Amino acid sequence: MLSFEDTLRGRKCLVTGQTGFTGGWLSVWLNKIGVAPSGFALAPQTTPNLYEAASVGEAVDDRLIDLRDFEKIRDFVDEKKPEIIFHLAAQPIVSRGFEDPLESFHVNALGTANLLEAARLSKSVKAVVCITTDKVYHEQSWPWAYRESDTLGGKDPYSASKAAAEIITRSYQETLSGRGNGVRIATARGGNIIGGGDWADNRIVPDFVRAHLSGSRLPLRNPGAVRPWQHVLALCHGYLALAAGLIGENGDKFVGAYNFGPSDQRGFTVAELINALNKNWPAVSTDMEPGWFPEAGFLRVDSSKAHRDLGWVPPLKFEDTARLTAEWYRGYAKDDSSARALTESQIDFYRDAIAAAGS
């Protein structure tokens, strides 16, 4: 067992957003290290979805609760009495933010306030990891990687709502926590994750999978766009390590914001990602299709703080990330009852890779 896993083993954890893509992977990982988390979220938003395909609900004592309902959140937290909360519930789709901006602001900003207020008033909660995004930074169009101290911003509704969540979280970190139970709070800024079990709309990997399975052509909005692609397990790794730091004896030093970006800072284009996926699954044909919503340019984040404080060094290269992603979907397409086994085996592979790298 890895050192951060040993710190978390047996503790009472709560995961918001366990019915989603990242929340599902995190919940299964927690279950594998001896944690039986509780959780709340809305029902899965797509069919199929990782929550049902991989039987995530068997690993989580969960309930359907809207993040905008403070009273139900507080009652659930008081009932389950977690020590640690991983806050992943969100409206995570950039395009949907344009279609319904108020939803993004209500869920991502005010919903985070609801969760933090319930945590602050709880007698049990000692640590909260709030997941935001690398898109919280004010886009400067400069060649340097963004650091945690750089200015927050966000032009589109999704990014702005997540930047607002960061500001709300800072208020709890710096003034409100001390007027409650002293809960330690950190934010995790990562983005552009891929991996098996994501079926969201307007995301490149789910679109690739749908095109492959239907035999249709894959529309590409911007094949030259560069993104810091990471496997979903790399960010789960970061969230777990950060929670272990917060709950530890010197947990106050981990309060604040942390970037989680790939080791290869140059990033890869959408076209390069498709080519890498095609190497691990029969190729799909592509078409150019103009996008209907503006997308941010390439954001590089400086993760040296996470490397230094948490010992977080993701062991997967870009090629490994693409291969694992394609293998998960290929296995699921062959046998849809294999989703849980595929998920657990890839978690074990990633954990072994961490151990081998000594991080």
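Two residues are in contact when they have heavy atoms within 4.5 Å of each other. By this criterion, and not counting residues up to four places away in sequence, His-237 touches Phe-4, Trp-29, Trp-312, Val-313, Pro-314, Tyr-350 and Ile-354. The model is a predicted one, in which local features need pLDDT of at least 70 and side-chain atom pairs count only at pLDDT 80 or more, while totals for chains, interfaces and linings use all residues. Residues are numbered from 1 along each chain as its sequence is written, and side-chain values use heavy atoms, with hydrogens and water left out.

His-237 is found in helix 9, where helices are DSSP runs of H or I with at least four residues, numbered from the N terminus. Because its relative accessibility is 2%, His-237 counts as buried, a term that means under 20% relative accessible area, computed with a 1.4 Å probe on protein chains only. The side chain of His-237 is joined to that of Tyr-350 by a polar contact of 2.9 Å; such a contact is a pair of N or O atoms within 3.5 Å, of which, within protein, one must be able to donate a hydrogen and the other to accept it, and residues adjacent in sequence count only if both atoms are side-chain atoms.

Helix 9 also packs against helix 13 (residues 339-357), at an angle of about 60° and with the axes 11 Å apart; the axes are lines fitted to C-alpha atoms over the stretch in contact, and angles run from 0 to 180 degrees between N-to-C directions. Leu-233, Ala-234 and His-237 of helix 9 make this contact with Gln-346, Ile-347, Tyr-350 and Ile-354 of helix 13. The residues involved divide into five nonpolar, two polar and no charged, where Ala, Val, Leu, Ile, Met, Phe, Trp, Tyr, Cys and Pro count as nonpolar, Asp, Glu, Lys and Arg as charged, and the others, Gly among them, as polar.

Leu-240 is likewise found in helix 9 (residues 232-247), and with a relative accessible area of 0% it is buried. Leaving aside neighbours within four places in sequence, Leu-240 is in contact with Phe-4, Leu-8, Leu-26, Trp-29, Leu-30 and Phe-86.

Asn-108 lies in helix 6 (residues 101-121) and counts as buried because its relative accessibility is 2%. Its side chain makes a polar contact of 2.9 Å with the side chain of Ser-161.

Note on methods: Helices (H or I, at least four residues) and strands (E, at least two) are DSSP runs, numbered from the N terminus. Buried means under 20% relative accessible area, exposed over 50%, partly exposed in between (1.4 Å probe, protein chains only).
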